[in-house]
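Here are my notes on the model, point by point. Please read them with the structure open.

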Amino acid sequence: MDIKLTSKMILEKEFKKNFKGYNVEEVDSFLDEIIQDYETFEKVMAQLREENRQLKEEIENTPKRQPVVSAAAGTTNFDILKRLSNLEKHVFGSKLYE
């Protein structure tokens, strides 16, 4: 993915002139537009390369996130059922078991 031309190469390109050739002013005008586009492309590419470098640096300097272990993760279903049973006894008392 190599770029073969630069805006300077386009600017300095010389074409042979002959009697039945293209209109020199039209060719020069079109090449001027191409040069402007190349200069814009070069600026955009430089900005994107810098942004890419900054993002890579940011990723490298960001500490790896450790998975968050919740307190409930160690709780088993048995523990939950036992707690629920104790809560029911407290709320409803002995009426629940009559």
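1. Which residues form a nonpolar patch on the surface? They are Leu81, Leu84, Leu87, Val91 and Phe92, with about 510 Å² of accessible area together. Patches take residues with over 30% relative accessible area and no salt bridge; nonpolar side chains (Val, Leu, Ile, Met, Phe, Trp, Tyr) are joined within 5 Å, like charges within 9 Å. Areas come from the Shrake-Rupley method with a 1.4 Å probe, and for residues only the protein chains shown count as cover.

2. Basis of the values. This is a predicted model, where local features need pLDDT of at least 70, side-chain atom pairs count only at pLDDT 80 or more, and totals for chains, interfaces and linings use all residues. Residues are numbered from 1 along each chain as its sequence is written, and side-chain values use heavy atoms, with hydrogens and water left out.

3. Overall make-up. The protein chain has 3 helices and 0 strands. The order from the N terminus is α-α-α. Helices (H or I, at least four residues) and strands (E, at least two) are DSSP runs, numbered from the N terminus. The chain has 98 residues, and 4% of them count as buried. Buried means under 20% relative accessible area, exposed over 50%, and partly exposed in between (1.4 Å probe, protein chains only). The accessible surface of the chain is about 10,100 Å². Carbon and sulfur atoms account for 57% of that surface.

4. Helix 3. Leu87, one of the patch residues, sits in helix 3, residues 77-92. Leu87 counts as partly exposed because its relative accessibility is 48%. Helix 3 has 16 residues and spans 22 Å from first C-alpha to last. That is close to the 22 Å expected at 1.5 Å a residue; the expected span is 1.5 Å times one less than the number of residues.

5. Ser7 in helix 1. Ser7 lies in helix 1, residues 7-12. Is Ser7 buried or exposed? Ser7 counts as buried, because its relative accessibility is 11%. Leaving aside neighbours within four places in sequence, Ser7 is in contact with Ile35, Tyr38, Glu39 and Glu42. Contact means heavy atoms within 4.5 Å.

6. Ile10 in helix 1. Ile10 also has its place in helix 1. Ile10 is buried, at a relative accessible area of 8%. Beyond four places in sequence, Ile10 is in contact with Leu5, Leu31, Ile34, Ile35 and Tyr38. Check the pair Ile10 and Tyr38: they are 28 residues apart in sequence and 9.2 Å apart in space, C-alpha to C-alpha.

7. The aromatic pair. The count is 1 aromatic pair. The rings of Tyr38 and Phe41 have centres 6.5 Å apart and planes at 65°, so the pair is edge-to-face. The rule pairs rings of Phe, Tyr and Trp (its six-membered ring) with centres within 6.5 Å; planes under 30 degrees apart are stacked, over 60 edge-to-face, and the rest tilted. Tyr38 and Phe41 are 3 residues apart in helix 2 (residues 24-61), about one helical turn. Tyr38 is partly exposed, with a relative accessible area of 22%.

8. Salt bridges. How many salt bridges does the structure hold? There are 2. The criterion is a side-chain nitrogen of Lys or Arg within 4 Å of a carboxyl oxygen of Asp or Glu. Glu50 pairs with Arg53, with the closest N and O atoms 2.6 Å apart. Both lie in helix 2, 3 residues apart, about one turn of the helix. Arg53 also meets Glu57, at 2.9 Å, N to O. Arg53 and Glu57 are 4 residues apart in helix 2, again about one helical turn. Shared partners join Glu50, Arg53 and Glu57 into one network. An α-helix has 3.6 residues a turn, so residues three or four places apart point the same way.

9. Glu50 is partly exposed at 33% relative accessibility. Arg53 is partly exposed at 41%. Glu57 is partly exposed at 42%.

10. Val27 in helix 2. Val27 lies in helix 2 and is partly exposed, with a relative accessible area of 26%. Leaving aside neighbours within four places in sequence, Val27 is in contact with Phe15 and Tyr22. Val27 and Phe15 are 12 residues apart in sequence and 9.6 Å apart in space, C-alpha to C-alpha.
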